[in-house]
Amino acid sequence: MRIDVVTIFPGYLAPLREALLGRAIDAGLISVAVHDLRTWTHDVHQAVDDAPYGGGPGMVMRPQVWGEALDAVVGDVPSGEAPPRLIVPTPAGRPFTQAMAHEYAAESRLVFACGRYEGIDQRVIDDAATWMPVDEVSIGDYVLVGGEVAVLAIVEAVARLLPGVLGNPASAEQDSFSDGLLEGPAYTRPETWRGRAVPDVLRSGNHGAIARWRRDRALERTAARRPDLLAALPPTALDRADRAL
Ligand SMILES: O=C(OCc1ccccc1)c1cn[nH]c1
C-alpha cells in the first residue's frame, strides 16, 4: 500500500517510521511519503491560510495551495487504474470505525490531507471529489490543532490489518469490535499480584467455561461503557445465555 500525507508539519509524521510500521515499511508492505504543503506556495511568506469569508474566528486553508499540492501528489492517474482515496481528518467528519479501517486496508493507495486552523476551503474537497473518492473522517468528538495525529491513528489502524504487518494475524481477527462488543479484562502471570488473584476459570483449562466467562465480561463491559454498541447489535448476535446475563 502506498500512503501519501500532505501537511505543514512533516515532522509530526515521523512516528510512522517507528516500530511495527517502520518494519512494515522496511519490508516493503507499505510506502509512506510525507509532503510539506508549503512546497506549493509561491509567496515569500509561504502563506497557506487566509481569513474566512463571512467573518468569524480563525483562518481557513487556501484552495490554490491545496489544489496544486493534491494535483502534484496524486499525479496523473493512469487510465484504467483506480484513483487513490483522499482522507481528510476533521471533527466534522464521518466517524472512523474498525469497519472503515478494513475498507481502507483494501485500497492500494491512500492520500491524507492534514487540515489545520478552521479547516480547508470546502472547494478543495468538492474539486477533489470530481476525480477521486474523498472521505472527511473524524477519529472522535473533540478538536485537535491539526489532522496529523488523526492520520497517525488511522494509518496505524489500517496498516495493522495488512497481511504480514502483524506478527500474529489472529490478534487482528479477534479485535475489539470484531464481534461488536468491547474486549473484556485480560490477565497474565503472576497468578496473584498485590493480593489480587487471576479469576479461577481462566486457569481451569475448561475452554467452554472460559469462552462463556469472557463473553459475559465483554457483554457487561459493553453494557456499562458503550450501550450504543449493544443497541446496534443485530438481534441474532445475542444468544439465550447472553440475554440471561
Ligand atoms: O481535530 C481534528 O482534526 C484536525 C482538524 C481538521 C480541520 C479543522 C480543525 C481540526 C479531529 C478531531 N477528530 N477527528 C479529527
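Guide: Let's begin with helix α1 (residues 19-26), where Leu 21, Gly 22 and Ala 24 are the buried residues. They span an arc of only 160° around the axis, so they sit on the same side of α1. This is a predicted model, in which local features need pLDDT of at least 70 and side-chain atom pairs count only at pLDDT 80 or more, while totals for chains, interfaces and linings use all residues. Residues are numbered from 1 along each chain as its sequence is written, and side-chain values use heavy atoms, with hydrogens and water left out.

Helices (H or I, at least four residues) and strands (E, at least two) are DSSP runs numbered from the N terminus. Buried means under 20% relative accessible area, exposed means over 50%, and partly exposed lies in between (1.4 Å probe, protein chains only). The arc is that of the directions from the helix axis to the C-beta atoms.

Turn to the other side of α1 and you will find Ala 19, Arg 23 and Asp 26 exposed. The buried residues, meanwhile, pack against α5 (148-159), where contact means heavy atoms within 4.5 Å. Just after α1, Gly 28 has a positive phi of about 80°.

Now look for Thr 7, in strand β1 (residues 2-7). Thr 7 has a relative accessible area of 0%, so it is buried. Its side chain makes a polar contact of 2.6 Å with the side chain of Glu 148. A polar contact is a pair of N or O atoms within 3.5 Å; within protein, one must be able to donate a hydrogen and the other to accept it, and residues adjacent in sequence count only if both atoms are side-chain atoms. Leaving aside neighbours within four places in sequence, Thr 7 also has contacts that include Leu 13, Val 34, His 35 and Cys 114.

Next come the salt bridges, each a side-chain nitrogen of Lys or Arg within 4 Å of a carboxyl oxygen of Asp or Glu. The whole structure has 16 of them. In one, Arg 94 pairs with Asp 135, with the closest N and O atoms 3.5 Å apart. This pair links distant parts of the chain, 41 residues apart: Arg 94 is in strand β5 (residues 85-95) and Asp 135 in strand β7. Arg 94 is partly exposed, because its relative accessible area is 43%, whereas Asp 135, at 8%, is buried.

Another salt bridge joins Glu 191 and Arg 203, whose closest N and O atoms are 3.0 Å apart. These two are twelve residues apart, Glu 191 in the loop between α6 (170-173) and β8 (192-193), Arg 203 in the loop between β9 (196-197) and α7 (207-225). Glu 191 has 47% relative accessibility, so it counts as partly exposed; Arg 203, at 45%, is partly exposed too. Arg 203 also meets Asp 200 in a salt bridge (3.4 Å, N to O), and Asp 200 is exposed, with a relative accessible area of 59%. Elsewhere, shared partners join Asp 179, Arg 212, Arg 215, Asp 216, Asp 239 and Asp 242 into one network of salt bridges.
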